[in-house]
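Okay, thanks for having me, everyone. Let me put the model up and walk you through a few bits of the geometry.

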Amino acid sequence: MKHKELRQKVCETNRLLPKLDLAIFTWGNVSEADREAGVFAIKPSGVAYDKLEPNDIVVVSLETGETVAGKLKPSRDTATHLVLYQKFANIGGIVHTHSPWAVSWAQAERALPAYSTSHADYFYGNVPCTRKLTDQELKEAYEKNTGLVIVETFEKNQIDPDAVPAVLVAGHGPFIWGPDSMKAVENARVLEECCKMAYRAEVINPEISGIEQSLLDEHYFHKHGKYAGYGQ
Ligand SMILES: [Zn+2]
């Protein structure tokens, strides 16, 4: 994909955030990688979604995070996106927002349990919540260490980032990914909806235990061709 097409697509997927009620003001950013070209494109810092143009999108190196094309400053979260692209080899698009339902779970420092088939269609198991960053990690390299604490959460809990394409960062909010930025936005919208429904379910019945593994398998594997045949 040429820079031009990549920037057009990333402009479009960023502009979806307010339309899908995932971001107010500039509370979110979307990026997409072109791994062959060794770059990813990301929203610039501080530009309102309705003013965003393809030329505003910043193209940065997947190796160093330095700007390759674009006049504006890349989003403050660029270093987090960079770590995720570097450590999660198959992902091609990332979304970060402060969408209220997902942030509620992140603030509560709780993983989102798999309570429904809507969840199981997109996330194969709980969506994990990270630990908090230490003061040292915050001071030293906040955005980069946010990425590293996400990777640590997946490694420690042996979660496959391709099967659970989202995380809640404690006290902050969600990062969601997918094969490209459009799919990542879809996953972000579904996560928000699942966070809302899970909260309500717990209010209605605090004893709730979540769906059975067999129902989770049935839904996840039915939807995800690459795992078709697993667990049956
Ligand atoms: Zn944030």
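So, how are helix 3 and helix 6 oriented to each other? Before I answer, two bits of housekeeping. This is a predicted model, so local features need pLDDT of at least 70 and side-chain atom pairs count only at pLDDT 80 or more, while totals for chains, interfaces and linings use all residues. Residues are numbered from 1 along each chain as its sequence is written.

Helix 3 covers residues 100-107, helix 6 covers residues 181-204, and they pack at about 60° with axes 7 Å apart. Axes are lines fitted to C-alpha atoms, for helices over the stretch in contact, and angles run from 0 to 180 degrees between N-to-C directions. Helix 3 and helix 6 are therefore oblique to each other. On the cut-offs, under 35 degrees is roughly parallel, over 145 roughly antiparallel, 65 to 115 roughly perpendicular, and the rest oblique.

The crossing of helix 3 past helix 6 is left-handed, meaning the near helix is turned anticlockwise from the far one by less than a right angle. Who makes the contact? From helix 3 we have W101, A102, S104 and W105, and from helix 6 there's L191, E192, C195, K196 and Y199. Contact means C-beta atoms, placed from the backbone, within 7 Å.

Strands pair if DSSP finds at least two bridges between them.

On one side, 4 bridges join strand 7 to strand 5 (residues 93-97), antiparallel, with G93 partnering G178. Strand 6 (residues 166-169) is also joined to strand 7 by 4 bridges, antiparallel too, and there V167 stands opposite F175. Strand 6 and strand 7 form a hairpin with 3 residues between them, and G171 in that turn has a positive phi of about 70°.

Strand 1, residues 28-34, has 6 of 7 residues buried, so it's largely enclosed as well. It pairs antiparallel with strand 5 over 5 bridges, and E32 has G93 as its bridge partner in strand 5. Strand 1 also makes a hairpin with strand 2, with 4 residues between them and G38 in the turn at a positive phi of about 70°.

D21 has a phi near 60°, and D21 sits in the loop between helix 1 (3-19) and strand 1. Q158 is at about 50°, in the loop between helix 5 (135-156) and strand 6. With 6 C-beta neighbours inside 10 Å, Q158 counts as exposed.

Terms used
Helices (H or I, at least four residues) and strands (E, at least two) are DSSP runs, numbered from the N terminus. Two residues are in contact if their C-beta atoms, placed from the backbone, lie within 7 Å. A residue is buried if 20 or more other C-beta atoms lie within 10 Å of its own, exposed if 12 or fewer, and partly exposed in between; C-beta atoms are placed from the backbone.
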